[in-house]
Amino acid sequence: MSAFIAMGLLVLLVFIIYLLDRVNTLEKETRRFSQSLKPPQDLTPPGPFGALSAKKLWDAMTGRVPEGLEPSAVDEMRALYEMVLHKHVDAIFQEGVKDGQRGMLGEPKNTKVITTARGPVESWLPSAQVNTLYKCGLDSAQLPPDQLAAVRAALDEAGLTLYSKAMVNLAQPLSASLMPLPAAEVPVLVAPVAP
């Protein structure tokens, strides 16, 4: 009886060693197979401007349409780009305002991720206008009200430059929405009284 038990334990031990060897072999094969696979493609859908983002998007909006894209398609995108441009301009100006309120001087970036209803868009603007917008925001928080006329003029000029380059209609000067005049300074138009 002891011999049968010893033999059974020996068979069981050999069987367990065999199973461990098979598991190790399968694990090595799985690891090798998984390393040979290419990483999965990014499954996120392209943004509202397709493959255009950052500087490529700016270039397309300013008339340098990339190969393979019809100018009529860019014209259709322009209505949505107007909102992206406005949000980007506003974000840079507000960044300057916040830094001005804290007494800090930051370095504005040309690129910002703008959230739209159709997904995020990486937007890019030229350095000259980005620096002007940021400085206007900074000055609006730090200068006294009687010195803000020059800041408003610089803000309006930067806005006009950006919007005209992007061939987007600027409904009103940027200072009207970003730096509105206090109620006491708003000119009152008086209609002539008819006799």
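Arg31 is partly exposed, because its relative accessibility is 44% and the buried class ends under 20% while the exposed class starts over 50%. The model is predicted. The partner of Arg31 is Glu27: their side chains form a salt bridge, with N and O 3.0 Å apart. Glu27 is partly exposed as well, at 42% relative accessibility.

Both residues belong to helix 1, which spans residues 2–36. They sit 4 residues apart, about one turn of the helix.

How many salt bridges does the structure hold? The count is 7. One of them joins Lys55 to Asp59, again at 3.0 Å from N to O. These two residues lie in helix 2, 4 residues apart, so about one helical turn separates them. Is Asp59 buried or exposed? Asp59 counts as buried, at 16% relative accessibility. Lys55 is partly exposed, with a relative accessible area of 37%.

Lys135 pairs with Asp139, and their closest N and O atoms are 2.9 Å apart. The spacing is 4 residues within helix 4, about one turn. Lys135 counts as partly exposed at 43% relative accessibility. Asp139 is buried, with a relative accessible area of 14%. Elsewhere, bridges with shared partners link Lys55, Asp59 and Arg64 into one network.

## The nonpolar core

The largest nonpolar core has 37 residues. Which members touch the most others? They are Phe49, Tyr81, Val89, Leu125, Leu133 and Leu155. Several elements each supply at least two residues of this core: helix 2 (54–61), helix 3 (71–102), strand 2 (119–124), helix 4 (127–142), helix 5 (148–165) and helix 6 (174–178). Helix 3 gives the most, with 10 residues. In soluble globular proteins, nonpolar side chains tend to be buried together.

Phe49 shows the packing at residue level. Leaving out residues up to four places away in sequence, Phe49 touches Leu57, Met77, Leu80, Tyr81, Val84 and Val121.

## Chain layout and surface

The protein chain has 6 helices and 2 strands. What pattern do they follow along the sequence? The order is α-α-α-β-β-α-α-α. Among contacts between residues at least 6 apart in sequence, 63% join residues at least 24 apart.

The chain has 195 residues, and 29% of them count as buried. Its accessible surface comes to about 13400 Å². Carbon and sulfur atoms account for 63% of that surface.

How values were computed:
Residues are numbered from 1 along each chain as its sequence is written. This is a predicted model: local features need pLDDT of at least 70, side-chain atom pairs count only at pLDDT 80 or more; totals for chains, interfaces and linings use all residues. Side-chain values use heavy atoms; hydrogens and water are left out. A nonpolar core is a set of buried Ala, Val, Leu, Ile, Met, Phe, Trp, Tyr and Cys residues joined through side-chain atoms within 4.5 Å. Buried means under 20% relative accessible area, exposed over 50%, partly exposed in between (1.4 Å probe, protein chains only). Contact means heavy atoms within 4.5 Å. A salt bridge is a side-chain nitrogen of Lys or Arg within 4 Å of a carboxyl oxygen of Asp or Glu. Accessible areas come from the Shrake-Rupley method with a 1.4 Å probe; for residues, only the protein chains shown count as cover.
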